Amino acid sequence: MVTESIPTIVPQSADAEFNPLLSAEARFDQAAERLGLDEGMQKVLRSPAREIIVHIPVQLDDGRLEVFTGYRVQHSIARGPAKGGIRYAPDVSLDEVRALASWMTWKCAVVNIPFGGGKGGIICDPNLLSTGELERITRRYTAELFEFIGPEIDVPAPDMNTNEQTMAWIMDTYSMHSRHTQTAVVTGKPINLGGSRGRSEATGRGCMIVTSEALKRFGLDRASTRVVIQGFGNVGGMSAKLMAQAGFKIVAIVEYDGAVYNTNGLDIAALTAHRKETGSVVDFPGGENIDRDEAMFLDTDVLLPAAKENVITSHNASRLRCKILCEGANGPTTHLADSILAEKGIFIVPDILANAGGVTVSYFEWVQDRQGYFWNEQLVNERLEQIMVESFNDVVAYAEKHGVHNRTAAYMLALDRVAFAIKLRGLYA
Ligand code: NAD
């Protein structure tokens, strides 16, 4: 039985609710308190192990010299090398990278893979840079970080505005400095350079697996389960495809420019083709257009927000009508919405569990690179399923044992695992 009451923390300012750093802190505090972690350990868990700032001089195509600022934060290396993406955006900040790095620590710990957490970023606007400029920025950033990254130290991956090509440049630059090819320095590489099969589908597949596990708890069968998905990109599109193949009824897809609905279930393959052809999900012949701002509040069994952060807030949480909320996106629910969802009895599969399929297959990629032995897609998918099911059961069992909600349980489990590793290792001084 859940005995936890989630405190409603009144934010200092109206937009504080939407600060992911504050949401992450509120959830950390709640889990740490419930675990009874002493103040000293809390301090250790809060502090990033390392923060690196580099200034990257690059010659632009027109001959001018420009200097870009880049970050890499290694929040924890207690359970293994730091792991996390690198993003390119004009508004990247050290605070944001710090918060995202700690998020990765908890995510890797929830699925019990031997990584800590890291994150990186470069302040730049990729829309204003040529491919050659992006390549030079990436290579110089990698060279500046040479001592601080590596298969045993810190393993970057793609994030916002970076991709397979970016990872190939990092791998090549790192390998040129090491004087031999080191594929395991990054994940999310192209398959013919040591990438893993199943990586691009992994996050959506993970969402599908944990949703299936959640259904079992409600005694629901897939064919009669209605699913609403927000976002039809990598995570949402892949979740929709795999869920439809597994027999779920996807009744609505919500995109930024409109939403489409079919009470009998949308034909996802046909919708994908329609979007490819027209650039939008709107006016799909196999469904009806509905108001995109209302679609999230449809009466449904499963709601899967897979677009962006802060879509479920203290202002709209009371209107949700789903039984299961599977958080495909990072941070789709603000911390102020948590207590409202708890009161409504919505079963949450929290983001640090629900979307951990991607980092899990990144772990598989790293393992395969280090062994030089590559798995077929079936093996990748089987092992992903095994980890996601185990992690789901770990979190739910932890929640039941401690009388807390799933999100608090996921954070408690993660903090507990990292604190345990720190205690076992002891402090080197
Ligand atoms: P994406 O850009 O491929 O897809 C996002 C989709 O959401 C796009 O189709 C976009 O048009 C749509 N969208 C944007 N704003 C919207 C709105 N207001 N309403 C409805 N739809 C909207 O991105 P992605 O890789 O699928 O990532 C989505 C979320 O999942 C992000 O929060 C990301 O951090 C998280 N995530 C992604 C991965 C991964 O492997 N790609 C892993 C873990 C977490």
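A salt bridge is a side-chain nitrogen of Lys or Arg within 4 Å of a carboxyl oxygen of Asp or Glu. This is a predicted model, where local features need pLDDT of at least 70 and side-chain atom pairs count only at pLDDT 80 or more, while totals for chains, interfaces and linings use all residues. Residues are numbered from 1 along each chain as its sequence is written, and side-chain values use heavy atoms, with hydrogens and water left out.

**View 1. A network of salt bridges.** Here Arg27, Glu327, Asp338 and Arg407 are joined through salt bridges into a network. The structure holds 28 salt bridges, and the next views show some of them.

**View 2. Asp95 and Arg98 in helix α3.** Their side chains form a salt bridge at 2.8 Å, N to O. Both residues sit in helix α3 (residues 94-110), three residues apart, about one turn of the helix. Helices (H or I, at least four residues) and strands (E, at least two) are DSSP runs, numbered from the N terminus.

**View 3. Lys119 and Asp159 meet in a salt bridge.** The N to O distance is 2.9 Å. This pair links distant parts of the chain, 40 residues apart: Lys119 belongs to strand β4 (residues 117-123), and Asp159 to the loop between β5 (154-158) and α5 (164-178).

View 4. Glu213 is buried, at 10% relative accessibility, whereas Lys216 is exposed, at 58%. Buried means under 20% relative accessible area, exposed over 50%, and partly exposed in between (1.4 Å probe, protein chains only).
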